[in-house]
Amino acid sequence: MAEEIKAHITGVVFQVTAKVGDKVAAGDPVIVLESMKMEIPVEAPRAGAVKEIRVREGQTVQEGDTVALLD
Amino acid sequence: MFRTVLIANRGEIARRIIRGCRALGLRTVAVYSEADRDALHVKDADDAVLLGGAPARESYLNVERLLAAVRESGAEAVHPGYGFLSENWRFAESCAQAGVTFIGPSADAIRAMGDKPEARRRMAAAGVPIVPGSADPVADAASAERVAAEIGYPVILKAAGGGGGIGMAKVATSAELAAAFATATRRAQSAFGSGAVYVERYLQASRHVEVQVFGDTRGTVVHLHERECSIQRRHQKLVEESPAPNLDARTKRGLTEAALAGARAIGYVNAGTLEFLVDPQGGFYFLEMNTRLQVEHPVTEEVTGIDLVTAQLRVAAGEPLPFAQDTIEQRGAAIEVRVYAEDPSKGFLPSPGTITRFSLPQGDGIRLESGVAEGSVVSVHYDPLLFKLVARGADRAQAIEGLAGALDACVVEGVKTTLPLLRTVVAHPDFRRGRVHTQMVEQGAFNG
């Protein structure tokens with residue numbers, strides 16, 4: 001069952017570091033947000049395969065927004 | 001003197017500079033991004049020019065738009081503040097080419113001090129002690145390892161083209177070096193447009209002490225004493241004070257003499273700061289020079305009684321320094337704290353949002369420098385500094401008392417702030433005794 005990866009802060013997507021199909025470990029960054037001149041990774045909460053990326057670089061996301069799905 | 005000055009910045013520092021211009025009767029022009037239409041610095045200024053979109057590269061970092069704003073507004077001088085384009089030598093040069101005065105040092109001085117390995121070379125040549133490290137940027141992780149083995153771990157990797165703590169990585173052992181090198185290079189590339197990185201020995205339990213210098217176009221260079229800025233997180237300052245507590249007279253003299261020698265060696269004009277690390281034995285090493293007004297300049301103003309912004313304007317207009325070395329004294333003590341929109345309980349994560357309540361203390365010996373008020377939107381696009389609180393006293397103990405009371409009276413709602421951490425710092429016995437070093441926050445000295 002797919003798990004949503006949510007942004008824990010509001011920011012602008014600086015980098016999408018994983019792509020669909022990638023196997024990630026718990027704690028691996030999936031995207032990197034930029035907020036107030038800081039780069040903040042949004043990490044996979046557990047191991048799995050990236051099922052969907054819902055954001056693109058330059059996009060603003062709010063705290064709690066789903067940025068990716070993990071299979 | 002100029003008639004009109006454009007302030008190429010935002011937030012508290014833009015407001016501070018506008019006040020300085022007013023004191024000399026100058027007309028002020030603010031610039032702003034689409035996100036800052038309702039910002040206080042825009043309301044403060046006599047005129048304001050829209051630069052562009054919210055991202056800094058479309059607005060506050062957009063040289064072309066800034067030069068157009070200068071032309072449109074008829075400004076004869078540009079004050080860059082700190083951050084943004086303040087240490088961009090190309091911007092200083094573009095201003096000169098456009099026939100407008102850049103309020104700061106020459107493009108050459110900015111360029112020499114902005115190239116960190118070059119700054120180390122120039123300072124060493126002037127007899128200023130530097131932190132042991134690589135003479136040039138290191139080409140790859142293997143070269144970094146060779147230098148590190150020579151100078152000894154821990155080491156710190158630093159971006160050759162930048163400052164402000166960006167791209168810095170502390171490395172404890174050779175096993176961590178390759179990964180840290182890759183990260184530092186990538187960060188340096190994205191922040192400064194160059195991935196060049198150099199290696200320095202990491203000095204443990206050292207203090208960050210800096211010296212304010214000021215030069216004029218007649219070749220006079222003076223110092224305005226030191227500031228202690230050891231309480232930091234992510235290599236960015238949280239608390240600054242002048243005088244530095246427990247700094248023995250010999251070390252202090254060494255620091256101010258080194259700072260003057262360094263500034264004179266590069267023919268420095270206008271306000272600048274030489275940053276040093278001071279080790280527990282009193283040895284000191286040049287870190288870098290900031291070729292601009294510092295965030296923490298108010299503590300120097302409070303103890304010397306000198307207005308640094310109006311002095312910057314006068315010197316930029318070709319006037320001699322309005323003060324002589326033997327008249328510059330530290331009287332009493334002043335401490336500044338920086339209140340950021342960050343959550344100290346979550347590793348200082350940024351906390352953007354709308355300020356729903358904003359109540360700050362007023363009173364004797366308390367100075368506020370704020371870029372925001374109730375209703376202000378704190379955007380993700382810019383630095384998280386909300387305001388600075390400065391307390392002055394007849395001595396350090398009195399300044400601390402004033403600051404502690406003022407911090408308790410601050411109420412900010414809508415965004416998380418560093419206020420709880422700052423209250424803990426100011427109450428901490430080591431801070432009260434003036435026993436501070438640069439790793440205290442990260443080592444958890446102020447947790448819980």
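Good morning. I begin with chain B, where the centres of domain 1 and domain 2, taken over C-alpha atoms, are separated by 34 Å. Please keep in mind throughout that this is a predicted model. The domain assignment of chain B places domain 1 at residues 4–103, domain 2 at 132–201 and domain 3 at 207–432.

Let me turn to a sheet in chain B. Five strands of chain B form an open sheet, and their order is β3-β2-β1-β4-β5. The pairing in this sheet is parallel. Which strands of chain B stand at the edges? They are β3, residues 47–52, and β5, residues 101–102; each has a single partner strand, so one side of each is left without a neighbour in the sheet.

Within the sheet, I would draw your attention to one pair. Strand β1 of chain B, residues 4–7, and strand β4 of chain B, residues 77–79, pair in the parallel sense over three bridges. Leu6(B) has Val78(B) in β4(B) as its bridge partner.

Two helices of chain B pack on this sheet, as follows. Helix α1 of chain B, residues 11–23, packs on the sheet and touches β1, β2 (27–33) and β4 of chain B. The direction of helix α1 makes about 170 degrees with that of β1(B). Helix α3 of chain B, residues 63–73, also packs on the sheet, touching β1, β2, β3 and β4 of chain B. For helix α3, the angle between its direction and that of β3(B) is about 155 degrees.

I now move to chain A. How many helices and strands does the secondary structure of chain A come to? There are zero helices and eight strands, which gives the pattern β-β-β-β-β-β-β-β along the sequence.

As for dimensions, the C-alpha atoms of chain A fill a box of roughly 35 × 15 × 15 Å along the principal axes. A compact globule with 71 residues would have a radius of gyration near 11 Å, and chain A, at 11 Å, agrees with this. Of the 71 residues in chain A, 32% are buried. Among contacts in chain A between residues at least 6 apart in sequence, 56% join residues at least 24 apart.

Finally, the two chains meet. Nine residues from chain A and seven residues from chain B take part in the contact. On the side of chain A that touches chain B, β2 (11–16) and β5 (38–43) of chain A each supply at least two residues. The residues on that side of chain A comprise five nonpolar, three polar and one charged.

Thank you for your attention.

Note on methods. Residues are numbered from 1 along each chain as its sequence is written. Chains are lettered from A and ligands numbered from 1 in the order in which they are written. This is a predicted model: local features need pLDDT of at least 70, side-chain atom pairs count only at pLDDT 80 or more; totals for chains, interfaces and linings use all residues. Two strands pair if DSSP finds at least two bridges between them. Helices (H or I, at least four residues) and strands (E, at least two) are DSSP runs, numbered from the N terminus. Axes are lines fitted to C-alpha atoms, for helices over the stretch in contact, and angles run from 0 to 180 degrees between N-to-C directions. The radius of gyration is taken over C-alpha atoms; the globule rule is 2.2 Å times the number of residues to the power 0.38. A residue is buried if 20 or more other C-beta atoms lie within 10 Å of its own, exposed if 12 or fewer, and partly exposed in between; C-beta atoms are placed from the backbone. Ala, Val, Leu, Ile, Met, Phe, Trp, Tyr, Cys and Pro count as nonpolar, Asp, Glu, Lys and Arg as charged, and the others, Gly among them, as polar. Domain bounds come from an automatic or database domain assignment.
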